[in-house]
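Please read the points below with the sequence and the structure at hand. They are written for a student who is new to such notes.

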Amino acid sequence: MSDATPSAAASMPGGVDRSLVRTGRGISSDSVMAGLSQLAALTIFVMLFALLAVLTYAAWPSISTFGWKFLFTSQWRPNELSAPALDASGKVVMEDGEVVMRTLPPVFGALPVIYGTAVSSLLALVFGAALFLVRLSRPWLAVPVSFLIEFLAAIPSIAYGMWGLFVLAPFLQHYIEPTIRSGLSWIPGMNAWLFTETAVRAGQTVVRTLPLTGRDMFCGGLVLAIMIIPIITALSRDVLRSVPRAQVEGTLALGATWWQSAWEMLSYSRSALFGAVMLGLARAAGETMAITMVIGNSNQIHASIFSPAQTMSSLLANEFAEASTELHHAALSEVALILLLMSLLFNIVARKLVVGSDVHPSAAH
Amino acid sequence: LIFLVHGMSTSSEQPVQPQRSFYRRFMAIKSNVMMSLCVFATICILALLAFVTLYLLYNGFNYLSWSIFTELPIPPGMAGAPGGLKNSLIGTVILIGMASVVGIPVGVLAGIYLSEYSTGSWLGAPARFIADVLTGVPSIVVGIVGYELVVVPMGNFNGYAGAFALAFIMIPLVARTTEEMLRLVPRSYREASIALGATKNRTILHVVLPAATGSIITGVMLAIARIAGETAPLLFTALGSRLLTLDPSHPFPSLTVQVFSYATGPYKDEQNLAWAGMLILISLVFVLNLALRLTAHHLQRNGPTRA
């Protein structure tokens with residue numbers, strides 16, 4: 001009888017283990033244990049609250065200064081700037097033969113980084129989704145392949161960043177991007193859109209050929225895609241594994257081909273699959289190190305995906321430790337707050353969808 | 001035991017029946033085409049990922065040497081540069097240690113609550129959900145919280161802030177793994193213990209936890225592997241340092257930040273050092289993943305065991 005409790009069996013030469021008997025002390029330690037563990041569970045709530053509260057507090061100077069404008073303006077100027085003062089007709093004001101200068105206050109707007117985050121994650125998704133059907137077929141290799149994929153999902157992002165920086169970016173710069181340029185040059189407007197940039201120099205607008213660096217939005221999107229493929233794959237595998245067997249057997253009994261039956265599985269779990277893809281998207285949007293290393297870090301919106309860009313996370317990684325003014329810190333904190341809210345939203349929606357299908361998305365870190 | 005529902009059905013379907021109608025033949029062809037596409041996609045992805053991993057491994061092994069573990073970084077231009085990564089290896093170990101001291105007890109207790117106490121409580125489901133959501137919060141955001149809560153009050157970048165941020169990332173991970181591992185312990189264990197007159201407390205501490213100890217430890221190791229690879233939350237908490245320091249109230253070195261600054265820096269020999277540091281990190285992740293997988297297999301096949 002006592003064998004049913006393996007831990008007790010060891011310490012029980014004969015008779016009943018005293019430690020298992022309810023004693024007066026046991027009741028109080030019972031409530032201590034319950035209290036402690038409840039406290040630990042409450043910590044999780046506190047953590048979420050702390051995230052939101054701390055960031056809102058830190059971002060407050062920026063929120064109160066810029067308001068909603070922060071989300072829709074694209075200037076990012078942490079320092080005061082002196083510029084020639086212009087009169088009403090747009091001419092430089094001269095006084096005693098010298099140009100009159102005026103001081104522009106620091107301005108912060110998050111639009112470029114929001115744009116950068118959105119485009120790079122969507123690029124990742126486009127590249128990733130094209131290959132996402134993977135898990136449908138793996139009869140023989142299932143175990144090693146799923147181990148490999150989980151392992152890849154666990155590799156630190158800085159590793160992907162290094163690979164992107166030293167291998168992918170030079171490769172894109174020297175081979176892929178020139179090939180794309182010459183391959184697309186026959187399409188009217190394509191060259192102007194993808195491979196030129198417009199710069200304002202001394203009041204004049206200059207259109208010039210975009211220098212291809214390989215460290216740009218395109219490369220960032222590719223690296224993110226490579227990073228989220230294992231995650232999406234591992235998750236959607238879990239999702240598809242939870243499709244009831246009867247469902248699959250039913251389609252086969254009706255004479256469905258492999259693809260028809262697979263399609264049935266896909267549509268059975270489509271909302272959970274959508275959730276899996278969203279989790280991948282959330283991961284891509286919050287990704288920091290890899291993207292910082294390959295995206296080129298330029299705080300401007302460029303029409304071309306072959307120009308350097310900046311995401312919210314890479315902006316934080318680049319500037320937060322060096323921000324000197326209160327407003328700069330606050331603006332960066334507000335960027336972090338936006339990033340947090342966005343990832344919370346994505347995660348909540350995605351997990352509702354995935355959990356709805358009874359799968360624990362343990363593979364998504 | 002991983003088996004794919006579909007992998008099973010494929011084999012039973014393989015012999016395509018003699019087709020009569022055009023439609024059936026079309027569907028069969030379409031099916032085969034789609035299947036080959038799927039196989040092709042699998043191969044593509046695996047090849048790509050294998051290339052990435054092998055490249056990292058190849059470079060890492062190329063530049064790995066014993067001095068990495070025994071020497072401190074030497075500034076470029078001086079004799080013996082670039083030196084090694086001793087300070088950041090020690091720093092990472094200390095950071096992980098400090099994060100674990102807080103993160104593991106809280107995480108395991110929260111996991112115990114979720115698995116053993118949460119039934120019928122308002123706290124259970126939301127806590128589980130929030131823990132899941134917290135695992136998805138971008139780690140750089142956690143770094144900023146560490147900055148505001150620890151660095152700002154203490155007045156300088158320091159190791160405690162780094163450990164705080166890492167513990168923050170660790171707690172939800174450990175909580176969810178612990179919960180899942182405890183749920184694998186059969187109900188009958190708990191019933192037997194209660195039937196013998198044990199209190200709930202005794203049941204958890206002496207029956208349920210010991211049965212799952214091995215797998216909880218592996219889960220914890222996996223969380224450790226995760227935080228060992230984190231760079232973003234350390235950038236503005238621990239900041240990194242090229243000195244060997246054991247005092248966490250100063251800027252503190254860590255492997256990942258060191259690798260990051262070497263990799264993005266201009267010096268070739270420091271970049272090589274970064275490759276080697278990366279290899280150390282990846283090997284750690286690989287070993288811990290393998291351990292988790294093996295215990296999970298063991299658990300599913302043989303039921304829970306003591307560690």
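This is a predicted model: local features need pLDDT of at least 70, side-chain atom pairs count only at pLDDT 80 or more; totals for chains, interfaces and linings use all residues.

1. Residues are numbered from 1 along each chain as its sequence is written, chains are lettered from A and ligands numbered from 1 in the order in which they are written, and side-chain values use heavy atoms, with hydrogens and water left out.

2. Buried means under 20% relative accessible area, exposed over 50%, and partly exposed in between, with a 1.4 Å probe and protein chains only.

3. Which residues form a nonpolar patch on the surface? They are A:Val32, A:Leu36, A:Leu39, A:Leu42 and B:Trp122, with about 520 Å² of accessible area together. Patch residues have over 30% relative accessible area and no salt bridge; like charges are joined within 9 Å, and nonpolar side chains (Val, Leu, Ile, Met, Phe, Trp, Tyr) within 5 Å. Accessible areas come from the Shrake-Rupley method with a 1.4 Å probe, and for residues only the protein chains shown count as cover. A:Leu39 counts as exposed because its relative accessibility is 54%.

4. B:Leu239 is not a glycine, yet it has a positive phi of about 70°. B:Leu239 is partly exposed, with a relative accessible area of 31%.

5. Over all chains, the structure holds 10 salt bridges (a side-chain nitrogen of Lys or Arg within 4 Å of a carboxyl oxygen of Asp or Glu). In one of them, the side chains of B:Arg176 and B:Glu179 meet at 2.6 Å, N to O. B:Arg176 is buried at a relative accessible area of 7%, and B:Glu179 is buried at 2%.

6. B:Arg226 forms a salt bridge with B:Glu230, their closest N and O atoms being 3.1 Å apart. Salt bridges that share partners also join B:Arg128, B:Asp132, B:Arg176, B:Glu179, B:Glu180 and B:Arg183 into one network. In chain A, the side chains of A:Glu287 and A:Arg283 meet in a salt bridge of 3.9 Å, N to O, and both residues are buried.
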